[in-house]
Amino acid sequence: MIKRYPTKKIYVGDVAVGGDAPISIQSMTFSKTRDVKSTVEQINRLHFAGCDIVRVAVPDMEDALALKEIKKEVSLPIVADIHFDYRLALKAAEVVDCIRINPGNIGSKERIKEVVKACKERNIPIRIGVNSGSLEKEIEQKYGPTSKAMVESALYHIKLLEDLDFTDIKVSLKASDVQRTVEAYRALRPLVPYPFHLGVTEAGTMFSATVKSSIALGALLLEGIGDTIRISITGELEKEVEVARAILKHSGAIKEGVNIISCPTCGRIEVDLVKAVKEIEERLKHIKKPLNVSVMGCVVNAIGEAKHADVAIAYGKGSGLVMVKGEVVAKLPENKLVDRFLEEVEKF
Ligand code: SF4
């Protein structure tokens, strides 16, 4: 299990973020928030997919006013995403569970005070969301488009809240560039106690977003950095949650579900391994318990892998072995192996 960086625990609705809380998964709706029906439908789809916290865009008052109706229909905690207009933040703060706003961008000190007061009254946190594409002009001029600029921007917004004695804060430092994202989170981590929301922004479509997010979030999570995560994927909803869960699982942040080790196949193969692995993957989807299984195309590496797996198959020519904890429990013809293997998995 990874050793997490100690952070302050805050609450977004009933979901704890930071401290010893599990790393939560976030996503964002893409409907117009004022379209209550579509937004509720998307939030419920995300909930069903395993999302913990959902963010909705609130670009104008019609969207802010719709939040009350939306909250009545859903049980996932909602973060209202607001830029610049403090009146939207005040309206949203009446009903949502967290406000995403950068205090330095909303104008006078009085306005910041009002937003902080509204959040304090309802005991809801503020997420400071630094994005490399919209840094403050002076900071960008001084440091250029760098991770240093992102960190300076975060510190600037954090100080504005701290000066008003507000510390229910979480912070994100997103860039579309993987390296800059990682550098920024690493640099800020020792400087503030607040939980981090991890993400690579504008990460692209499924393939590119998965690769970029796996590299950036994987590196950070393995260092113990990160308290809540979002994978931004163009045009996907449930997939964001699926990829997030896989990243948490393979970085060791959560232990759940079946981890399938299967060989890539090569010229030694004598069976249709691709078909077998696909069938196994499909039939093991429902299992939540953490389990390692290996499905290997020949004996070259199969015995070694089987020793580390809970249940394994080693295919040969027309037949193969089923192994449990490295011990052979059956030698069967090829067409009987998958069923027997799955029987052994179910016993766990
Ligand atoms: S386990 Fe066998 S079939 Fe699979 S890649 Fe290795 S050598 Fe090739």
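This is a predicted model: local features need pLDDT of at least 70, side-chain atom pairs count only at pLDDT 80 or more; totals for chains, interfaces and linings use all residues.
Local features need pLDDT of at least 70 and side-chain atom pairs count only at pLDDT 80 or more, while totals for chains, interfaces and linings use all residues. Residues are numbered from 1 along each chain as its sequence is written.

The protein chain splits into domain 1 (10-250) and domain 2 (258-347), with bounds taken from an automatic or database domain assignment. Between the C-alpha centres of the two domains there are 41 Å.

Turning to the sheet, five strands line up in the order E11-E12-E13-E14-E15, forming an open sheet with mixed pairing. Strands here are DSSP runs (E, at least two residues), as are helices (H or I, at least four), numbered from the N terminus; two strands pair if DSSP finds at least two bridges between them. E11 (258-262) and E15 (327-333) sit at the edges with a single partner strand each, so one side of each has no neighbour in the sheet. On average, neighbouring strands are turned by 15° against each other, direction ignored. For such angles, axes are lines fitted to C-alpha atoms, for helices over the stretch in contact, and values run from 0 to 180 degrees between N-to-C directions. E11 pairs with E12 (residues 291-296) in the parallel sense, over five bridges, and valine 258 has leucine 291 in E12 as its bridge partner.

Helix H11 (residues 299-308) lies across E11, E12, E13 (311-315) and E14 (319-324), and runs at about 175° to E13. Contact means that C-beta atoms, placed from the backbone, lie within 7 Å. H11 also supplies the largest share of the shell around the ligand, three residues. Among the residues surrounding the ligand are Cys263, Cys266, Arg268, Met296, Cys298 and Asn301, where a shell residue has its C-beta atom, placed from the backbone, within 6 Å of the molecule. The shell divides into eight nonpolar, three polar and one charged residue; Ala, Val, Leu, Ile, Met, Phe, Trp, Tyr, Cys and Pro count as nonpolar, Asp, Glu, Lys and Arg as charged, and the others, Gly among them, as polar.

Elsewhere, aspartate 85 lies in the loop between strand E5 (78-81) and helix H3 (86-93). It counts as partly exposed because it has 19 C-beta neighbours inside 10 Å; buried takes 20 or more other C-beta atoms within 10 Å, exposed 12 or fewer, and partly exposed falls in between, with C-beta atoms placed from the backbone. In H3, six of the eight residues are buried, so the helix is largely enclosed by the rest of the structure. These buried residues pack against helix H2 (61-73), E5, strand E6 (98-100) and helix H4 (109-122).

Key. Two residues are in contact if their C-beta atoms, placed from the backbone, lie within 7 Å.
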